[in-house]
Amino acid sequence: METADEETQLLAHLQPPSQVVASEYTGDGSVDINKQPALKRSTGKWRACYLILGVEFCESLAFAAISPNLVTYLTTVLHEKKVDAARNVSAWFGACFLSPLLGAFIADTYWGRYWTIVVSVPIYIIAMLILIASASLPVFSGSSYHDLHSAVVYLGLYLLAISNGGLKPCISTFGADQFDANDPIELAQKGSFFNWYFFLTSTSSLLSGTVIIWLEDNVGWAVGYIIPAILMLFFFVVFVAGSRIYRFRGTKASPLTSIFQVVVAAVRKWHLQLPDDRSLLYERTSLPSTADASQKNKHSNQFRFLDKAAIAPSDNESVVQMSSWRLCTVQQVEELKMLLSMTPTWGSFVIYFSVAAQMQSTLVEQGMFMDNHVGSFAIPPASMPIVSICSFLIWIPLYETILIPLARRFTRKEKGFSQSQRLGIGQALSTLTVVLAALLETRRLAIAEANGLKDQDVPVPLSILWQGPVYLVHGAAAVFGGIGLTEFFYDEAPVTMRSLCAALGQLATAAGSYLSSFILSIVAVATTRGGKPGWIPDNLNEGHLDYFFWMMAALSLLNLALFVGYSMRYKGKQHF
């Protein structure tokens, strides 16, 4: 009787040479820079991710050098009203997280993730140079050039938003592509990639929130922009130099085109009757590769109307001649169904990101009306979000090393928490964040009234450190909700649409920012009638910012209840 080792050797000899050699290559169809099958030993994994994350580190450093302090810049340098500045910041945030939808489309369809990054980074650097010029050139310092100054600032900001669209959906997914999904060891490494990806981006945000913002407030705005611009140029060169060790995925037909084809084909056949035997629906008969076979999805009974897109004509010979806008495969239909089934989860995070938008706008404005001195040191209000970042950095290791093993004992799940549980906890913590902000503002206004400061545009004697708990809870909410949503979109998305779904995650942030801007506009109009100062006047001491926070808390609580109800019915994607 042969031993196990002898059997293994015998099977190796019996295998065709191509199968033996194939073990040296990745099993997910990825290729190297020369479009040859990627060698496992010399491409991908963490050594490739280090170079990719270097670009993300610089992008986060630059973004965090601008975003937290932008409301301060708009109110103190461009002299915008507080409610207008908060609304403009939210609108810019929305643009930054809306543009990834276009970036993902280009990456998935035409350029690929690598080349989309290569094109986007130089545009990002140009945007930073425009902001540096607007903050340093004497021509923009005079009041007579105020309109020109504003135009140049917003040109730089929105050019940055466009380039951000090419980076946000591609860097995280390109990093995840460096791990072979068919290799158990690499798959386990990829499981921790997203946590450490966010850990690094938070570290860069922490650096910006302390050193860079302090330089902006005490040395000059241009200095705070020059540093991340130089670092981004350096790491961009390093990123391009390491191209030979990356793993690449080929571009395919546009996922957006596939989505529209299914809808159009289903509408065209609305009058047809679905066959009782679902196996009669059209699917390509060509044998898929091993990697593709594992990615095929089971037929589902939800959104059954869309199945009509895959009803084949009675004459089988005419199938080949039919347009893709008249006949789609079952796989195409199921991919659209998967996206639709993810929509309620996506929608539930619009309110979540509306609350997150307050960390960069109304919370900063609240800090401007609090005592920001700790001894002889003055804390810039825009630096307070570093508390959230520190909380985030602390919670990630705690989540990985303590919470997951502890939760695993009770849930018997490998990840400790299910995706719905993790997302629900994140939304609950987000609700608590805005409740704490409302309680703090109520206390601040009471102190302002007690000290006769309601009519005075001055900070009240309440330490800005009391904002600490608000940001601490928000950091924990980001670990559960923010990272959880990114992982949810990567895991639940069709493989051919992962960049698109990463962009949908960014789109939730954009929608939340635009919703915040819309709510602020409604509040400004509704609460200033009859000559009233409104909830968010320039002098917050005579306003009621606490009412705004309580309203956001009520919306968040309602949203959480709806999410819990939906998540109990949600079923993840299933493969053959």
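Eight salt bridges are present in the structure, a salt bridge being a side-chain nitrogen of Lys or Arg within 4 Å of a carboxyl oxygen of Asp or Glu. The structure is a predicted model, in which local features need pLDDT of at least 70 and side-chain atom pairs count only at pLDDT 80 or more, whereas totals for chains, interfaces and linings use all residues. Residues are numbered from 1 along each chain as its sequence is written, and side-chain values use heavy atoms, with hydrogens and water left out.

One of the salt bridges joins the side chains of Lys-337 and Glu-334, with an N to O distance of 3.2 Å. Because Lys-337 and Glu-334 are three residues apart in helix H11, about one helical turn separates them. Helices (H or I, at least four residues) and strands (E, at least two) are DSSP runs, numbered from the N terminus. Both Lys-337 and Glu-334 are buried; here buried means under 20% relative accessible area, exposed means over 50%, and partly exposed lies in between (1.4 Å probe, protein chains only). A network of salt bridges links Lys-337 and Glu-334 with Asp-307.

A further salt bridge is formed by the side chains of Arg-444 and Glu-441, at 2.9 Å from N to O. These two residues lie in helix H14 (residues 419-450), three residues apart, or about one turn of the helix. Arg-444 and Glu-441 are both buried.

The side chains of Arg-41 and Glu-24 also meet in a salt bridge, at 4.0 Å from N to O. Arg-41 and Glu-24 are 17 residues apart, and each is placed in the loop between H2 and H3. Arg-41 counts as exposed because its relative accessibility is 58%, whereas Glu-24, with a relative accessible area of 37%, is partly exposed.

Two lysines show positive phi angles. Lys-35, which is not a glycine, has a positive phi of about 65 degrees. Lys-35 is found in the loop between helix H2 (17-22) and H3. With a relative accessible area of 69%, Lys-35 is exposed. For Lys-45, also a residue other than glycine, the positive phi is near 60 degrees. Lys-45 is placed in helix H3, and its relative accessibility of 24% makes it partly exposed.

On a 1 Å grid over the protein atoms alone, a cavity is a set of points where a 1.4 Å probe fits but cannot get out, and lining residues have an atom within 4 Å of a point. Grid points are joined across faces, edges and corners, and a volume is the space filled by probe spheres set on the points. A search of the whole structure gives four cavities of 30 Å³ or more. The largest cavity holds about 1,100 Å³ of space. It is lined by 47 residues, of which Phe-97, Lys-168, Phe-198, Phe-353 and Ala-478 are the closest to its centre. Elements that give two or more residues to this lining include helix H3 (45-76), helix H4 (82-98), helix H6 (146-176), helix H7 (184-218) and helix H11 (330-357). Helix H7 supplies the largest share of the lining, nine residues. By class, the lining of the largest cavity comprises 24 nonpolar, 19 polar and four charged residues. In this classification Ala, Val, Leu, Ile, Met, Phe, Trp, Tyr, Cys and Pro count as nonpolar, Asp, Glu, Lys and Arg as charged, and the others, Gly among them, as polar.

Val-223 is placed in helix H8 (residues 221-241) and, at 31% relative accessibility, counts as partly exposed.

Ala-493 is found in the loop between H15 and H16 and is buried, at 0% relative accessibility. Ala-477 is found in helix H15 and is buried, with a relative accessible area of 0%. Ala-477 and Ser-388 are 89 residues apart in sequence, and their C-alpha atoms are 9.5 Å apart in space.

Note on methods:
On a 1 Å grid over the protein atoms alone, a cavity is a set of points where a 1.4 Å probe fits but cannot get out, and a pocket is an open set with protein on both sides within 12 Å along at least five of seven lines; lining residues have an atom within 4 Å of a point.
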